[in-house]
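Please read them with the coordinates open.

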Amino acid sequence: MSEPNSRLSGRERRERIIELLAEDTEGAIQVESLSEALGVSLATVRRDLTRLREEGRITRTYGGAVLGNTSEVSVRQRRMRNGRQKEAIAARAAELVDDGQVVLLDAGTTTERLARHLRGLDDLTVFTNGLGAVNTLVEDGNVDVVVLGGRLRRINQTMTGPVADQAVSGLYADILFLGADAVHPARGIASRTFEQSSLKTLMSRHARKVVVVADSTKLRDGGGSYWSPLAGPWTLVTDDGADPAALDALRTQSDPAPQILLCPVSAEHTEEGM
């Protein structure tokens, strides 16, 4: 354990917790040990662990925590996380869509919010594998909705598999919006399953413009096994709570580097071009 340092910011302290969990040979650390190592109160450590658990980066154990997320939460639970950030991202991303375009919309809670902002656009065609997006757009007569089909994965209301793959292979969208469990500068975007990852990779090859919508908690390694590389030009829409180091890594280590649009959660949207 390192020497206590109570001057760390909340973000720095949580990153240090992740480092300590990764370094621990027994795989778990008690709250008391983290408090001593960081030089902060037990209450502060518990709040940090709660934040890290909500971000999916740790699993709480009796009296402590272990690195990684061993369980997947439902769509209903995910909708409640980082709501303001997701709404700002969705609104900004929708500004990239023009009337008459063909949109390829990935499944996810942020893309579901994005679907709400697409309602009312004229002569829009939306292809999606997200049940939430379908339900959001079902009553909008201005938007032609095409369901990609496939096997329904109920926990995240996503449709994947050969049927969805075949549908995507037969189109070339004007713009694609991708969700992500994590965004990594070298690996691309993470998914929970191989099928989801394969579909995202295929989607990215069948759109003129690729846009990743991910709140700032997703700009991390995530430790996942299934990654979709982003081989062509792409745009990242995220909130202004993003770690500057994570953004710098995307600028310097991604090939190609993304255009980054930063969305303040309580002010008018701004953008940063790459």
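1. The protein has 10 helices and 15 strands, taken as DSSP runs (helices H or I with at least four residues, strands E with at least two) and numbered from the N terminus. This is a predicted model, in which local features need pLDDT of at least 70 and side-chain atom pairs count only at pLDDT 80 or more, while totals for chains, interfaces and linings use all residues. Residues are numbered from 1 along each chain as its sequence is written, and side-chain values use heavy atoms, with hydrogens and water left out.

2. Of the 274 residues, 50% count as buried; buried means under 20% relative accessible area, exposed over 50%, and partly exposed in between, with a 1.4 Å probe and protein chains only. Of the contacts (heavy atoms within 4.5 Å) with a separation of 6 or more, 60% are between residues 24 or more positions apart.

3. An open sheet of 7 strands pairs in parallel, in the order 6-5-4-9-12-14-15; two strands pair if DSSP finds at least two bridges between them. Strand 6 (143–147) and strand 15 are at the edges with a single partner strand each, so one side of each has no neighbour in the sheet. From one strand to the next the twist averages 20°. Strand 4 (residues 102–105) runs parallel to strand 9 and is joined to it by 3 bridges; leucine 104 stands opposite leucine 176 of strand 9.

4. Helix 5 (residues 83–94) packs on the sheet and touches strand 9, strand 12, strand 14 and strand 15. Its direction makes about 145° with that of strand 14, where axes are lines fitted to C-alpha atoms (for helices over the stretch in contact) and angles run from 0 to 180 degrees between N-to-C directions.

5. Which members of the largest nonpolar core touch the most other members? They are Leu104, Leu178, Val183, Met203, Val212 and Trp234, out of 29 residues. Such a core is a set of buried Ala, Val, Leu, Ile, Met, Phe, Trp, Tyr and Cys residues joined through side-chain atoms within 4.5 Å. Elements giving two or more residues to this core include helix 8 (162–169), strand 9 (173–178) and helix 9 (194–204). A second, separate core has 24 residues, among them Ala90, Ala94, Val97 and Phe177.

6. Beyond four places in sequence, methionine 203 touches Leu104, Asp106, Asn129, Leu148, Val168, Leu176 and Leu178.

7. Helix 1 (residues 10–23) and helix 3 (residues 42–54) pack at about 80°, with axes 10 Å apart. That makes helix 1 roughly perpendicular to helix 3, a term that covers 65 to 115 degrees. Residues making the contact include Ile17 and Ile18 of helix 1 and Leu49 and Leu52 of helix 3.

8. Most residues other than glycine have a negative phi, and most peptide bonds are trans. The bond from aspartate 255 to proline 256 is cis, with omega near 5°; proline 256 is in the loop between helix 10 and strand 15. Aspartate 123 has a positive phi of about 55° and lies in the loop between helix 6 (109–118) and strand 5 (124–128). At 61% relative accessibility, aspartate 123 counts as exposed.

9. Leaving aside neighbours within four places in sequence, alanine 214 is in contact with Ile89, Val183, Leu236, Val237 and Thr238.

Terms used. Angles under 35 degrees count as roughly parallel, over 145 as roughly antiparallel, 65 to 115 as roughly perpendicular and the rest as oblique.
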